[in-house]
Amino acid sequence: MTTPPPAGQQPSAPMVVPQFLIKQRFTMMVNRYEIRVMNPDGSEGQLIALAQQKRMKIREEVVFYSDESKTRRVFSFKARQRLDVHAEHDVLDEYGTVIGYFRKQFGASLLRSTWDLSAPGVDAVGTERNQFIAVLRRIWGFIPYLGSVWVPFLFHFDFVDNGTGRPVMSSQKKIGLRDSYTVTVPDPRLDFRVAAAMAVALDALQSR
């Protein structure tokens, strides 16, 4: 039996994971992301989802599986439109029911990447934490010769509630050759599945 929340307080999401880790793995035809619980000491815990993004699809879709066997599809996110910088994405549960939504604000993202994120009880906006790094990444891409040189810029995102300004989630990139992130979700209203989908999208779709 679930205890109702105190008066005036929003109920927690069905799946709450306060902090988790995401690591990207490259293969020939797909991008893969391992999502693991973060232990209290900061170490990697058990695998809780495995995301797979097929390359060169007309309509972007990333599927999350329960484990390495990929026999059970537990949630996903999918673009409503074909490849488009304005594309809106729905987060779907294992039965195909929409449980969240996100989109990139194209105009605002010209100088500093900005995303809208919605889920039951949550309406938030996320931006790159460091404006200087955001601008530097864009300038670097336009410099002849240097723009083609890969540089591991560290970009972090913070999402805040549109109504209260309180933190909803954050994604912090780690130093390393492979992309990896620490994701913190202080707002218990945000379903883990929506948070994980948004965090993976920040890497998979960042260059769009």
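Leaving aside neighbours within four places in sequence, D116 is in contact with Y101, F102, R103, Q105, A124 and V125, where contact means heavy atoms within 4.5 Å. This is a predicted model, in which local features need pLDDT of at least 70 and side-chain atom pairs count only at pLDDT 80 or more, while totals for chains, interfaces and linings use all residues. Residues are numbered from 1 along each chain as its sequence is written, and side-chain values use heavy atoms, with hydrogens and water left out.

D116 sits in strand β8, residues 114–119, strands being DSSP runs of E with at least two residues and helices runs of H or I with at least four, numbered from the N terminus. Because its relative accessibility is 14%, D116 counts as buried; the term stands for under 20% relative accessible area, with exposed over 50% and partly exposed in between, for a 1.4 Å probe and protein chains only. The side chain of D116 also makes a polar contact of 2.7 Å with the side chain of Q105. Such a contact is a pair of N or O atoms within 3.5 Å; within protein, one must be able to donate a hydrogen and the other to accept it, and residues adjacent in sequence count only if both atoms are side-chain atoms. Between the C-alpha atoms of D116 and F159, which are 43 residues apart along the chain, the separation is 8.7 Å.

Of the 208 residues of the protein, 44% count as buried, and among contacts with a separation of 6 or more, 40% are between residues 24 or more positions apart.

The largest nonpolar core holds 41 residues, of which F20, F64, F77, F102, M169 and L190 touch the most other members. Helix α2 (residues 192–204) supplies the largest share of this core, eleven residues. A core of this kind is a set of buried Ala, Val, Leu, Ile, Met, Phe, Trp, Tyr and Cys residues joined through side-chain atoms within 4.5 Å. Since 13 of the 13 residues of α2 are buried, the helix is largely enclosed by the rest of the structure.

Aromatic residues form a further theme, with six aromatic pairs in the count. The rings of F77 and F102 have their centres 5.2 Å apart and their planes at 70°, so this pair is edge-to-face. F77 belongs to strand β5 (residues 73–79) and F102 to strand β7 (residues 98–104), so the pair ties together parts that are 25 residues apart in sequence. Rings of Phe, Tyr and Trp (its six-membered ring) pair if their centres lie within 6.5 Å, planes under 30 degrees apart counting as stacked, over 60 as edge-to-face and the rest as tilted. F77 and F102 are both buried, and they belong to one aromatic cluster formed by F20, F64, F75, F77, F102, W115 and F192. Beyond four places in sequence, the residues that F77 touches include V62, F64, V91, A197, V200 and A201.
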